[in-house]
Amino acid sequence: MTKVVIVESPTKAKSIKKYLGRGYDVIASTGHLRDLPKSTFGVDVENNFEPKYINIKGKDKTIKEIKSHVAKADQVYLATDPDREGEAISWHLAKLLGLDPTAKNRVTFNEITKKAVVEGIKNVREIDIDLVNAYQARRVLDRIVGYKLSPLLWKKIRKGLSAGRVQSVVTRLVVDRENEIRAFVPEEYWTVELKTASAALPEREFPARLIGYEDGTKFVPKNAEESRTVEEAVRGAVPVLASLHKKVRQQNPAPPFITSSLQQEASRKLMFSAKKTMKIAQNLYEGMNVPELGLTGLITYMRTDSQRLSEDIVAEARNYISENYGSDYLPAAPRVYKTKASAQDAHEAIRPTHVELTPESLRDSLDSDHYRLYKLIWDRFIACQMTSALYDTVAADIHCGGWLFRANGKTLKFPGYSILYVESSDAESENDTTLPPMSDGEKLLNRGVNTAQKFTQPPARYNEASLIRAMEEKNIGRPSTYAPTVSTILDREYVEHEGRALKPTPLGEIVNTLMVERFTDIINVDFTAHMEESLDAVEHGQADWHAVVGDMYKGFAEELAQAEKELDGVKLKVPETVSDQTCDICGRNLVVKSGRFGKFLACPGYPECKFTKPISKETPGFCPRCGGKMLELRSKKNNKFFACENRNDCGYMTWDVPLAELCPKCGGTLFRRYTKEEKCIRCAREGCDYSREYKPRGRSKPTEEGTPSEDA
């Protein structure tokens, strides 16, 4: 008997085939095979918003191959990913292959391990039509907004623009934050810090900050005069320890990762974009080559909002902690983490599939990025089942010259989980110091007073981590859409990076202004959050998806008609960013333009002056010919190459990547060459023959499966 198992990615197909063995034919669909057409609307508004699905262009060969396998099979299992997207792909496959959608042919794997795969095959179920309908509702909603609204942006701003139901709201978050920063009026204040020490240990100086008056009334100097009043009262006065408060503070470990927290922590600790995090996590889920094990899934499914953990894996973690750290690091009972009420809770938290596959045991099997993300997941999971960290904290209230100062101290009493993992934060941590032994009423030494002028700071710009946290807190999108949405607004050039921070572009601000003024529902955060709740209701069989779409469409269609009427004949101009570089021909300051292959510099005198210039980026290396800086540039076909900054005089260019490392023989810049024929680190300086083999750490090929994204 032949059984066919259809999954989404070729990598996952290989992993599952290994576990199922003979009698099973495991094949990949490489993502969706049917979707709404790209060239037409594809939604019959008059017929209850019925979508018109077609086979995706370029997928005919895949469809034919799958049909040929299924024709010879006695049993077909649809084993696509365990979420709305995966359920919809299985439903589309059933339609394509003529399978009964009510028959039991759907299986899911939360992790790609032998136990999970074998159990999954045993637990066959019907396709969950409620999940499919939730997917269809989202897809149709996004198509309506994108297809109906984008042409308006083309006419009123410029061709090629797009609008999306979720991406527009997320763009608004970034624009609103930028407007807050611009409108912020800093307020002056002063800090006063007393330097003091105990008479018994005069060398152990420590700072105490001003709290207010001795009676406990708070006071913050608003100007230099008020600051000087405090300083004069304190200078020469004898500090007295009024009270000493000691206690033991317990700090619990962070819960296991969900999609949003993984993206945030990978951004903070590894400097990964959300898109990169999800791509690497997908590889780890589907399977990596491990010595003696072959292709092995290393983590559970990475699109989840649940903090639930299986009893078996918690037991494994507790055994590992007991054996490797001792009983002091093992809580009396397993830790259980509560999943928030709005979560779908369809899967476990993101965790390693096998505790015994420690990061160190896989160091030589994974490349740097895969290793670091796996270690982050593994460490966080083990730490979440360890005992709390304990700190001895001390707060010393000091009276001096009629004013109250406070010194805080903290020392680690027992590391607990922090011996393995400590969660990072976007906020700055307090700098607690270790205080010397002191007793109430003790007279201290006055070592001087420091005052400093400060100003209140505006809210920080979002970075990818904090933007995803805001999306989660405001209920905008779901785990599968966080990373694609952030990538979309960056790709559309509505938002750009400035360092690690995100700021709106002039284009993004113009588009946002039009959306805010004309489409109050679509751009409204609360409306979007309510929409997500409606989609969840569809998923749970509590709402009809046609009705959910219909409710949104009515208001949207009215706003669209009104906007087209009121904006008739209006053209909105996007302000150009003026650079400090001048035109080589006419001397005018060049402006930043966007083209097919990204941004470039152009003369504002076009069409009289057609001078253009690529925007270059410095690299760590230097030209082997003249010693000038090497610049990263793009060709007309958008291929990356490197050229000397003195390219008009020197002319040196290369496809090889300049490195910060210097040649051990001549001291010149080393270049990395990576082609089918040659993989090496070499010196390009004339007369130097230094070269060595370049061996990148191997990894599985990225999945061909695409990640879910908002319709544009």
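Predicted model: local features only at pLDDT ≥ 70, side-chain atom pairs only at ≥ 80, totals over all residues.
**Strand by strand**

I began at S10, which runs antiparallel to S13 and is joined to it by 11 bridges. Here I noted Gln 251, which stands opposite Ala 389 of S13.

Next I took S13 with S14, an antiparallel pair with 11 bridges. Leu 390 has Phe 414 in S14 as its bridge partner. I then checked how the chain gets from S13 to S14: the two form a hairpin with two residues between them. Gly 401 sits in that turn with a positive phi of about 60 degrees.

At the other end of the order I looked at S8 (residues 188-198), which pairs with S15 over 10 bridges, again in the antiparallel sense. Trp 190 has its bridge partner in S15, and that partner is Gln 453.

**Helix H12 and its cover**

I moved on to H12 (residues 464-473) and asked how many of its residues are buried. I got eight of 10, so I wrote it down as mostly covered, with buried meaning under 20% relative accessible area. Among the buried ones are Glu 464, Ala 465, Leu 467, Met 471 and Glu 472.

I then looked for what covers them. My list includes helices H6 (167-183), H8, H9 (274-286) and H13 (482-491), along with strands S16 (495-498) and S17 (501-504).

At its start, a side-chain oxygen of Asn 463 comes to within 3.1 Å of the backbone nitrogen of Ala 465. After the helix comes Asn 475, with a positive phi near 65 degrees.

From H8 (residues 259-270) I picked out Ser 267. Is Ser 267 buried or exposed? I found a relative accessible area of 5%, so Ser 267 is buried. Leaving out residues up to four places away in sequence, Ser 267 touches Phe 272, Ala 465 and Arg 500.

**The nonpolar cores**

I looked up the largest nonpolar core and counted 82 residues in it. Those with the most contacts inside it include Val 5, Leu 298, Ile 299, Leu 373, Ile 382 and Leu 467. Helix H11 (residues 368-383) gives the most to this core, nine residues.

Past its neighbours within four places in sequence, Ile 382 is in contact with Ala 317, Tyr 320, Ile 321, Val 355 and Leu 420.

I also found a second, separate core of 58 residues, which includes Ile 127, Met 515, Ile 523 and Val 548.

**The whole protein**

Last, I stepped back. I have 16 helices and 29 strands in my notes, and 50% of the 712 residues are buried. The C-alpha trace spans about 95 × 75 × 70 Å along its principal axes. For contacts with a separation of 6 or more, 68% come from residues 24 or more positions apart. The protein exposes about 35,000 Å², and carbon and sulfur atoms supply 48% of that.

Note on methods: Residues numbered from 1 in each chain as written. Heavy atoms only, no water. Core = buried A, V, L, I, M, F, W, Y, C linked by side-chain atoms within 4.5 Å. Buried < 20%, exposed > 50% of the residue type's maximum accessible area, 1.4 Å probe, protein only. Helix = DSSP H or I, 4+ residues; strand = E, 2+ residues; numbered from the N terminus. Contact = heavy atoms within 4.5 Å. Polar contact = N/O pair within 3.5 Å; in protein donor to acceptor, adjacent residues only side chain to side chain. Pairing = 2+ DSSP bridges. Areas by Shrake-Rupley, 256 points an atom, 1.4 Å probe, with all protein chains shown as cover.
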